[in-house]
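This briefing presents one protein chain for study. Please keep the sequence and the structure in view while reading the points that follow.

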Amino acid sequence: MELKTSFLAGLLFLQSCQNAREAADVLYLNAVIWTGDSAQPSASVLAVKGDKILYVGGDANLHKGPRTRVVDLEGRFVVPGFIDNHTHFLSGGFQLASVDLRSAKTPQEFIQRLADFARNLPEGRWITGGDWDHETWGGELPKKEWIDSVTARNPVFVNRLDGHMALANSLAMRLAKVGKQTKEVAGGTIVRDAEGSPTGIFKDEAMGLIYPAIPEASPEALDEALVRAMDHALSLGVTQVHDVGSYGGFTDLETYRRNAGKLKVRIYSMVPVGAWARMAEYVAGNGRGDAMLRWGGLKGFVDGSLGSTTAWFYAPYDDEPNTSGLLVNDTLQLREWILKADSAKLHVAVHAIGDRANDWLLGVYSEAEALNGPRDRRFRIEHAQHLTRKAISQFAELGVIPSMQPYHAIDDGRWAEKRIGPERIKTTYAFRSLLDASAKLTFGSDWTVAPLSPLEGIYAAVTRQTLDGKKPRRMGTAREDFRRGSPPLLYRQ
Ligand SMILES: [Zn+2]
């Protein structure tokens, strides 16, 4: 042990001597660098050679060579690039060029945005994306009658920002051959009027009734969406994304591989967990990628979302007492996929929102470990939104990663309590409690469900103040404090 340590120290010494002789390609001076190292929290000089950081410290001459380019940052703040743990990256790229319904504050505005967007489109072109939120105008779901007259020439299938329900117009339903006679779909809901006709709203698996009518995006359109998404990410300081997918199958991964030489952002691309056998073969034939593009991860769903009242709870919703949510996947099948994927040494990340969905998934993960033996498997629960007290401690015990997206806390937080009541809200978005219980908490955005900006996410995690400024009630000015740069109050949850 003694020998090993001194050998390592010697090696490090040797390396720093070599580094000391090396000239940097670029030298950044007069920076305010956040190092993440409590022993040396800030620095002013950064030296870079190729794709490596040679040095972070205070000596401006150590790595200066005759051909070194010197950049004076004039006191600007420097942080490492952000990694976003959960994005729907390509649909984000499409959304950047699509109709913006997220900021529509009233049904009239929602209708007007679609009318304006449709006016400039060729006849027959589908309108998708949108990311609307009916909670911003009090919770009334949109229906096809709102938009039929302004979108008569274009089929419409625009989704809620959580992607768990979408609105079709009459033309889209006609093209998809969906009507009053259409039967219910397992794992989904067709919202119907008093006469039993679909209103245009399709939830979770029922959205699959409309999808087949939408023409597939061409490779060129996918490539363009990727460029838009990467540029947007870089503009916000995001240098790596974990992509949980937008298209199902291997479409996303194939798009990234087709653009392998042109990637400006590091990407970890996941495919649906149902495709685990194909991914196992893919890894056997192609490895797991390189520093810019990696694969081998699988994404699944247990339940839906809180906003669509499809997240799976033990007890019914307070505002919809006839339902406790629904399962997106048959649990027996999902369990089998997870166990098999894990035995093939693939990486599993599964969406779970409701307390019952999280408990169920933690149970399957511990079963997998018992069955397939210990290894560094890094099981993830995406969102981990509503937890039982027992679940909060289980994450660390089982080594499961809560992969959370804090912006949802200040967005859904506006109306979450109306859905689940005062008790369940106490263990909702329990970031601090998870950290105190030694869980390996990780953050991301869930773009396009939430904005891609990491600073908005950090703001949300720190202040927990909802977008309407109303919760927590004892906070009046956190958002302003944060913007002014004064330290916001901390709230535990
Ligand atoms: Zn997501």
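How many Å apart do the C-alpha centres of domain 1 and domain 2 lie? The C-alpha centres of these two domains are 53 Å apart. The model is predicted, and the points below are grouped by topic.

**Domains**

- The chain is divided into three parts: domain 1 covers residues 2–80, domain 2 covers 99–213 and domain 3 covers 219–484.

- Three strands form an open sheet in the order 3-2-7, and their pairing is mixed.
- Strand 3 (42–43) and strand 7 (77–78) are the edge strands, since each of them pairs on one side only.
- Strand 2, made of residues 32–34, pairs with strand 3 in the antiparallel sense over two bridges.
- Within this part of the sheet, Ile33 stands opposite Ala43 of strand 3.

**A nonpolar patch on the surface**

- Val32, Trp34, Phe77 and Val79 make up a nonpolar surface patch, and their accessible area together is about 410 Å².
- Val79 is located in the loop between strand 7 and strand 8 (82–87).
- Val79 counts as partly exposed because its relative accessible area is 34%, a value between the limits of 20% and 50%.

**The zinc site**

- Three residues coordinate the zinc ion: His86 and His88, each through NE2, and Asp446 through OD, at 2.1 to 2.2 Å.
- The site links distant parts of the chain: His86 belongs to strand 8, whereas Asp446 lies in the loop between strand 20 and helix 15, 360 residues apart.
- Along the sequence, the spacing of the zinc donor residues is H-x1-H-x357-D.
- Both His86 and Asp446 are buried.

- Strand 10 (residues 156–160) is mostly covered, with five of its five residues buried.
- On one hand, strand 10 pairs with strand 9 (residues 127–132) in the parallel sense over five bridges; here Ile127 stands opposite Val156 in strand 10.
- On the other hand, strand 10 runs antiparallel to strand 11 (residues 165–168), to which three bridges join it; here the bridge partner of Val158 is Leu167.
- Strand 10 and strand 11 form a hairpin with four residues between the strands, and Gly163 in this hairpin has a positive phi near 70°.

**Backbone features in loops**

- Which residues other than glycine have a positive phi? Among them are Thr309, with phi near 45°, and Arg378, with phi near 50°.
- Thr309 is part of the loop between strand 16 (293–301) and helix 9 (331–343).
- Is Thr309 buried or exposed? Thr309 counts as buried because its relative accessibility is 6%, which falls under the limit of 20%.
- Arg378 occurs in the loop that runs between helix 10 (355–372) and strand 18 (380–383).
- The peptide bond that joins Trp447 and Thr448 is cis, and its omega is about 15°.
- Thr448 lies in the loop between strand 20 (442–443) and helix 15 (454–463); Asp446, one of the residues that coordinate the zinc ion, is placed in the loop between strand 20 and helix 15 as well.

Definitions and conventions: Residues are numbered from 1 along each chain as its sequence is written. This is a predicted model: local features need pLDDT of at least 70, side-chain atom pairs count only at pLDDT 80 or more; totals for chains, interfaces and linings use all residues. Side-chain values use heavy atoms; hydrogens and water are left out. Buried means under 20% relative accessible area, exposed over 50%, partly exposed in between (1.4 Å probe, protein chains only). Two strands pair if DSSP finds at least two bridges between them. Domain bounds come from an automatic or database domain assignment. Patches are made of residues with over 30% relative accessible area and no salt bridge: like charges are joined within 9 Å, nonpolar side chains (Val, Leu, Ile, Met, Phe, Trp, Tyr) within 5 Å. Accessible areas come from the Shrake-Rupley method with a 1.4 Å probe; for residues, only the protein chains shown count as cover. A salt bridge is a side-chain nitrogen of Lys or Arg within 4 Å of a carboxyl oxygen of Asp or Glu. Donors are N, O and S atoms within 2.8 Å of the metal (3.2 Å for Na, K and Ca); water is not among the atoms, so sites may look incomplete.
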